[in-house]
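Student: I'm new to this one and would like to learn how to read it. Could you walk me through it?

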Amino acid sequence: MRRSLLCLAVMMLAAGLAFRFSAGIRPMQSVEAQESPADALATANELSPEPFAIPDPLGRKLADVRGADEEQGTPYPVFNVSEVIHVMTTAGSRLHKSGKARSDAELRKQLERKSVELELPEPGDTAISDRDLYRRTCESVFIVCSLYKIEDSDEWQTALATAFAVTRDGVLTTSCHVFDNDDEADAIVVMDIHQKVYPVRELLAVNQKADTCLFRIEATNLQPLPFAKEASPGTRVRVLGHPGDSFYYLSSGLVSNYEKDHDRTVWLNITADFGQGSSGGPVLDECGNVVGQVSRTYTLYAGGPATRGRPRRVASEKLAEKRELDPGEKIEPETDVADPQMVFKSCVPVKTLRSLVTAKKAAISE
């Protein structure tokens, strides 16, 4: 009997370790290989406007992949990359096949839309603890997934970002560069913390220079985040996003300053940390109101031969260009950098977000 129990324990430990190590790898996702647990539900929902709720690949319930606050008894998301990619590629591929999920090429035709009429929730005036803010905001924040079909294959590549709800009836916001880029995504979908996946229906309002936009999904009873009036330098802020495939990651800091770029667009700098995958995420004040939106980072370098030692801020894409230069190829002055020192966290101010919205007119009674 003891030997049987020992063998069983060893087998269970081996299976657990196998999942632990395999879950940390992000391979190309083969939809056909992962269809078995989700295929029936996805097919049943193919003609329905309702979002997909894809079962976990290991057959677990939602509560099994979420933690619980011991004092509040409130669940919070505990996802890894494999779980998220499985859900979003399975649902996204079905939405793409049924013609419900739009490509970024289709959505880019709506980039000229400059404003939309909406009714926004009023901002709060009561300070919220970090723990309470996290629990509330998770219900409002989504994962954005751009899906790229690999030619002659059943596999998909993915690129992830962040969005959050602006109205209860399905209006969300994210960074404009999620849609306005050089890639050719076959489908763009979003997922909430309950693993429900929605296709992006349309862009509603866009500011390309300021890197922000509003878009719609078919959803109701969302938990929108209210817009604050503004936040002065020194205001304490918190950011919730998905940096580096680490989902629902909370960081905190301060509003550092505001500045204008060469075309007079105003940006908000903060000290709260974020990274790739956080684009479009909310920057929140102590009352849980939105004061900005995550956009981009710049690395400060001490300089280089072409700069005469003057500090230089370099965007990540310019640094990538430098790394790709062939040996002996001339380095352009704007990418000639040395001695990294700090990273600027640049965000869209709430005033810019508000400029996309016109007040909803009251209905005229006959």
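Student: Let's start with a charged residue. Which side chain of opposite charge is nearest to D285, and how far away is it?

Tutor: First, the ground rules. This is a predicted model, where local features need pLDDT of at least 70 and side-chain atom pairs count only at pLDDT 80 or more, while totals for chains, interfaces and linings use all residues. Residues are numbered from 1 along each chain as its sequence is written, and side-chain values use heavy atoms, with hydrogens and water left out.

Tutor: Now the idea. A salt bridge is a side-chain nitrogen of Lys or Arg within 4 Å of a carboxyl oxygen of Asp or Glu. Lys and Arg count as positive, Asp and Glu as negative, and His and the chain ends are not counted. Buried means under 20% relative accessible area, exposed means over 50%, and partly exposed is in between (1.4 Å probe, protein chains only). Here, D285 is buried but has no salt bridge; R238 is the nearest side chain of opposite charge, 5.8 Å away.

Student: Where does D285 lie, and what does D285 touch?

Tutor: For elements, we take DSSP runs numbered from the N terminus: helices (H or I, at least four residues) and strands (E, at least two). D285 sits in the loop between β16 and β17 (290–303). Contact means heavy atoms within 4.5 Å. Leaving out residues up to four places away in sequence, D285 touches L133, A228, R236, R238 and V291.

Student: L133 is in that list. Which residues of α5 are buried, and what do they pack against?

Tutor: In α5, the buried ones are L133, Y134, R135, T137 and C138. They pack against β4 (75–77), β6, β13 (236–241), β14 (249–260) and β16.

Student: How do I read a nonpolar core?

Tutor: In soluble globular proteins, nonpolar side chains tend to be buried together. We call a core a set of buried Ala, Val, Leu, Ile, Met, Phe, Trp, Tyr and Cys residues joined through side-chain atoms within 4.5 Å. The largest one here has 45 residues, and I143, V189, M191, L214, F247 and Y248 have the most contacts inside it. Among the elements giving two or more residues to this core are α3 (81–97), β6 (141–149) and β9 (187–191). Helix α3 gives the largest share, 7 residues.

Student: What is M191 in contact with?

Tutor: Skipping its neighbours within four places in sequence, M191 meets F79, V84, V87, M88, F142, I143, K196, V197 and Y248. Apart from this core lies another, of 24 residues, including A161, L172, F179 and V200.

Student: Is A272 buried or exposed?

Tutor: A272 counts as buried because its relative accessible area is 0%. You'll find A272 in the loop between β15 (266–270) and β16 (282–284). Its contacts, not counting residues up to four places away in sequence, are V239, S251, S252, G253, L254 and K345.

Student: And what about G234?

Tutor: G234 has a relative accessible area of 49%, so G234 is partly exposed. It lies in the loop between β12 (212–216) and β13. The C-alpha atoms of G234 and V255 are 5.2 Å apart, although 21 residues separate them along the chain.

Student: How many disulfides are there?

Tutor: A disulfide is a pair of cysteine sulfur atoms within 2.5 Å. The search of the whole structure finds 0. C176 is in none, and the nearest cysteine sulfur, that of C213, is 5.4 Å away.
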